[in-house]
Amino acid sequence: MKRRTLLGLAATLGAGALATGGVTMGNSYYSGPKSDHFDGEAFFNPDGIPPKGLRDLLRWQLGKDRADWPDSIGVTQIRPDARVADLRVTMIGHASVLIQAGGVNILTDPVWSKRASPLKIAGPARVTAPGIAFDHLPPIDVVLLSHNHYDHMDISTLRRLHARYAMPVLTPLGNDTILRAAIPGIDARAGDWDDVLEGGGISTRLLQCHHWSARGTRDRSHALWCSFAVETPVGRIYAMGDTGYDGGRPYEVAARYGPYRLAIIPIGAYAPRWFMKGQHQNPDEAVAGFRVAGAKHALAHHWGTFQLTNEAREEPPEHLRIALAAAGISTDVFQTVVPGATWDVPA
């Protein structure tokens with residue numbers, strides 16, 4: 001069994017910014033006018049719970065409530081079809097999903113690395129292999145990149161994808177600067193909340209969600225975070241990378257641009273609630289958000305690949321089943337798909 005170190009957590013979640021009190025000296029990635037979520041130096045959530053500070057981080061890390069995870073879980077990797085006429089999703093792991101929609105291939109927050117970390121010797125290691133081997137990916141037309149935490153923005157993977165497919169990467173403000181500095185020539189297209197970006201055969205509106213960002217000790221919230229309302233040839237998809245429930249506000253925003261054939265919704269990395277509530281929703285909140293957003297179907301993600309928080313590996317899908325039953329929603333409608341498994345989403 002594995003147990004993370006404070007160094008590993010800091011490297012992975014950008015908690016170095018917490019450890020310095022979020023020290024900033026100008027914005028590292030973005031320069032633009034002030035708005036209701038940008039103060040001229042850093043982005044922020046207009047309402048809700050802000051990220052915790054160093055004292056709370058230490059209180060959490062020194063606690064004794066972290067579940068043991070297995071070292072590895074068996075995965076049957078698949079070789080997907082090159083193109084799909086209707087709508088099919090394949091779980092790769094964590095927030096990485098292959099969406100095949102009307103002949104267009106979309107990747108969300110792709111991570112193929114062995115650790116969600118800038119360090120090769122520290123930070124959470126993969127418990128499940130990617131559901132698709134990198135060399136067995138179909139042609140990738142576009143990547144949706146929600147924010148810059150290491151479990152979502154993996155430069156090594158993005159560099160490999162760019163070298164092979166040269167696809168556009170659609171992402172919120174500031175993340176394009178990080179990508180261009182690390183990957184010369186990458187087609188990084190950035191926008192603010194409510195902007196519409198085109199690329200790879202889809203049109204994508206960037207939507208408000210409740211999170212934060214950091215890659216190191218001096219860039220806390222220097223790049224924006226978002227969810228996506230994606231127009232595809234076979235229907236609209238709502239793709240969420242990370243969010244706190246925040247009274248349902250992110251889903252209320254999403255509902256303005258529905259209805260959605262499919263919502264991709266996070267269910268894990270939520271414990272302890274006193275620390276994570278503002279930034280990561282739990283399964284009950286995921287079900288509530290699904291109803292608010294007005295989607296016909298949902299796919300659960302953001303669980304079971306990297307141990308980022310305290311809950312047991314299988315706890316999120318177990319609690320999701322309980323929450324769905326309490327809400328009278330079938331597990332055929334809101335599905336939990338393991339890495340390497342696919343789902344042909346009903347019309």
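Arg180 and Asp176 form a salt bridge, and their closest N and O atoms are 2.9 Å apart. This is a predicted model, so the distances here are computed from predicted atom positions. Both residues belong to helix 5 (residues 175-182), where they sit 4 residues apart, about one turn of the helix.

How exposed or buried are the two partners? Arg180 has a relative accessibility of 43%, so Arg180 counts as partly exposed. Asp176, at 13%, counts as buried. As you look at the pair, keep a simple idea in mind: side chains of opposite charge can pair when their charged atoms come close.

How many salt bridges does the structure hold? The total is 13. One of them joins the side chains of Asp86 and Arg261, with a distance of 2.8 Å from N to O. Asp86 is in the loop between helix 3 (54-61) and strand 1 (87-93), while Arg261 is in strand 11, so this pair ties together parts that are 175 residues apart in sequence. Asp86 counts as partly exposed because its relative accessibility is 35%, whereas Arg261, at 11%, counts as buried.

Another salt bridge is formed by Asp135 and Arg164, whose closest N and O atoms are 3.0 Å apart. Here Asp135 lies in the loop between strand 3 (104-108) and strand 4 (142-144) and Arg164 lies in helix 4 (residues 155-165), so the pair ties together parts that are 29 residues apart in sequence. Asp135 counts as exposed, with a relative accessibility of 54%, and Arg164 is partly exposed at 42%. Salt bridges can also link up into a network, as Asp81, Arg88 and Asp344 do.

An open sheet is built from 7 strands in the order 7-8-9-10-11-12-13, with mixed pairing. Which strands are at the edges? They are strand 7 (196-199) and strand 13 (334-336), each of which pairs on one side only. On average, neighbouring strands of this sheet are turned by 20 degrees against each other, direction ignored.

At one end of that order, strand 12 (residues 295-301) and strand 13 run parallel and are joined by 3 bridges. Helix 8 (residues 283-293) lies across strand 10 (235-240), strand 11 (260-266), strand 12 and strand 13. This helix runs at about 150 degrees to strand 12.

Where is Asn148? Its place is in the loop between strand 4 and helix 4. Although Asn148 is in a loop, Asn148 is buried, with a relative accessible area of 0%. Its side chain reaches the backbone nitrogen of Ala214 at 3.0 Å. Leaving aside residues up to four places away in sequence, Asn148 touches Tyr29, Met153, Asn175, Ile178, Ser213, Ala214, Arg215 and Ala223.

Ala254 is found in helix 6 (residues 249-255), and Ala254 is buried too, with a relative accessible area of 0%. What does Ala254 touch? Not counting residues up to four places away in sequence, the contacts are Leu207, Tyr238 and Tyr260. For a sense of scale, Ala254 and Leu145 are 109 residues apart in sequence and 17 Å apart in space, C-alpha to C-alpha.

How many disulfides does a search of the whole structure find? The search finds 0. Cys209 is in no disulfide, and the nearest cysteine sulfur to it, that of Cys226, is 6.3 Å away.

Methods:
Residues numbered from 1 in each chain as written. Predicted model: local features only at pLDDT ≥ 70, side-chain atom pairs only at ≥ 80, totals over all residues. Heavy atoms only, no water. Pairing = 2+ DSSP bridges. Helix = DSSP H or I, 4+ residues; strand = E, 2+ residues; numbered from the N terminus. Axes fitted to C-alpha atoms, helices over the stretch in contact; angles between N-to-C directions. Contact = heavy atoms within 4.5 Å. Salt bridge = Lys/Arg side-chain N within 4 Å of Asp/Glu carboxyl O. Buried < 20%, exposed > 50% of the residue type's maximum accessible area, 1.4 Å probe, protein only. Disulfide = S-S within 2.5 Å. Polar contact = N/O pair within 3.5 Å; in protein donor to acceptor, adjacent residues only side chain to side chain.
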